[in-house]
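Thank you all for coming; I would like to walk through one structure this morning, beginning with a strand, moving out to its sheet, and finishing with the helices and cores. Please keep the display in view while I talk.

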Amino acid sequence: MSSSSWQLDHEAAAEALNRLRSAQLVLTPTHQTVDADGLASAIALRLGLRQLDIELVPVLSDGQMPHSLRFLPGIDEVLAYGRDSLPDYDLLCLVDCSDRRRLGSFYTDDPERVSGNVPIVNIDHHVTNDLFGQVNIVEPTAASASEIVAQLLAEWGVEIDRDIAQCLLAGIYGDTLGLRTDSTTSRTMRTAADLVDAGADPVPIVDALFRVKPRSTVCLWEKALRNVQYTGGLIWTELTKDTLDRCGANASEAEGLVNFLVGTQGAGAAALLYANDKGWRVSMRSLPGAVDVARIAAEFGGGGHPRAAGVQIEGGEDEKRAFVEQVGSLAAEHG
Ligand SMILES: [Mn+2]
């Protein structure tokens, strides 16, 4: 565990608040296959900024609402792209989004949406974030975007009420696997403790994120585990649309699987490959001291954190094979 601590950029925080205050409506599209941190930090911003009479609307960029996140307070106020019509907006506030291309259909339907014509406030903790915003609050050593939002809201004079605290604690628990990752600092733990003091309850968070699951998830894991393969130092498996359909599952149900695979003795990295129209979306993990998966992802045009990263592989079986072999040999080199 690291005891290092990031410092909020007070100037950027003030400029962000100015922009938020001047906007008529702020849109917050989440990253695709949204996770607890991505969605909870967006909802916390909505609830907090409402106290300042700022209207911020979170939108699920790919229209997909993970079952496991329905417990979040304020979830009913989140729009789904493709289902709900978008309100007019004059500012984008992206949170937990390392790359504008991760904004799902919101981006692919019209890349001009994020080309800078509408200004962007960029709040993130991915080391690969390329600072695409007009205002950037990017802290790669923060364990989650929610950890940054907790401090930002306090800085802006927002009262952290029970609902906001519950969202932020869910985001922190999501990205730190319940305060267990090596990105977790003493500050992360203090922030979590402060949120509990503000009324957050860890029990429903732990249940929703790590324990309770639909049967379709077990079906998916059973099929994925049957197909586990070892290539060099990489342990990996893949999921097809057909497998998802047969189990009646959606892709987000497999997210925990790659966390299960990482740490398998003899494997320096784990990957889960989701087949899609263009090839495969790959989710990678490694343990501390092993290969830096963010660097591998960046080489292939993806991004993330040293221990958790993602990338889109375009092409067919040959490209997939080349990818797993390259990652496998890197993972073997770095133990
Ligand atoms: Mn995050």
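This is a predicted model: local features need pLDDT of at least 70, side-chain atom pairs count only at pLDDT 80 or more; totals for chains, interfaces and linings use all residues.

Let me now take the neighbours of β8 in turn. On one side there is strand β7, residues 229–231, which runs antiparallel to β8 and is joined to it by 3 bridges; Thr231, for instance, has Leu234 as its bridge partner. The two strands form a hairpin with 2 residues between them, and Gly232, in the turn, has a positive phi of about 55°. Strand β9, residues 269–275, by contrast runs parallel to β8, with 6 bridges joining the two, and here Ile235 stands opposite Ala270.

If we step back to the whole sheet, we find an open arrangement of 6 strands in the order β7-β8-β9-β10-β12-β11, with mixed pairing. Its edge strands are β7 and β11, the latter spanning 303–305, and each of these pairs on one side only. From one strand to the next the twist averages 25°. Further along, β10 (residues 279–286) and β12 (residues 308–314) are antiparallel and share 7 bridges, with Val282 partnered by Val311 in β12. Helix α12, residues 317–333, packs on this sheet, touching β7, β8, β9, β10 and β12, and its direction makes about 155° with that of β8.

Next, a pair of helices. Helix α5, residues 162–176, packs against helix α6, residues 186–197, at an angle of about 150° and with the axes 9 Å apart, which means that α5 is roughly antiparallel to α6. The crossing is left-handed, and the residues making the contact include Leu168, Leu169 and Ile172 of α5 together with Thr191, Ala192 and Leu195 of α6.

Finally, which residues have the most contacts inside the largest nonpolar core? That core has 64 residues, and the ones in question are Ala44, Cys93, Val149, Leu168 and Leu169, while its largest share, 9 residues, comes from helix α2, residues 36–50.

Definitions and conventions
Residues are numbered from 1 along each chain as its sequence is written. Two strands pair if DSSP finds at least two bridges between them. Helices (H or I, at least four residues) and strands (E, at least two) are DSSP runs, numbered from the N terminus. A nonpolar core is a set of buried Ala, Val, Leu, Ile, Met, Phe, Trp, Tyr and Cys residues joined through C-beta atoms within 7 Å. A residue is buried if 20 or more other C-beta atoms lie within 10 Å of its own, exposed if 12 or fewer, and partly exposed in between; C-beta atoms are placed from the backbone. Axes are lines fitted to C-alpha atoms, for helices over the stretch in contact, and angles run from 0 to 180 degrees between N-to-C directions. Angles under 35 degrees count as roughly parallel, over 145 as roughly antiparallel, 65 to 115 as roughly perpendicular and the rest as oblique. A crossing is left-handed if the near helix is turned anticlockwise from the far one by less than a right angle, and right-handed if clockwise. Two residues are in contact if their C-beta atoms, placed from the backbone, lie within 7 Å.
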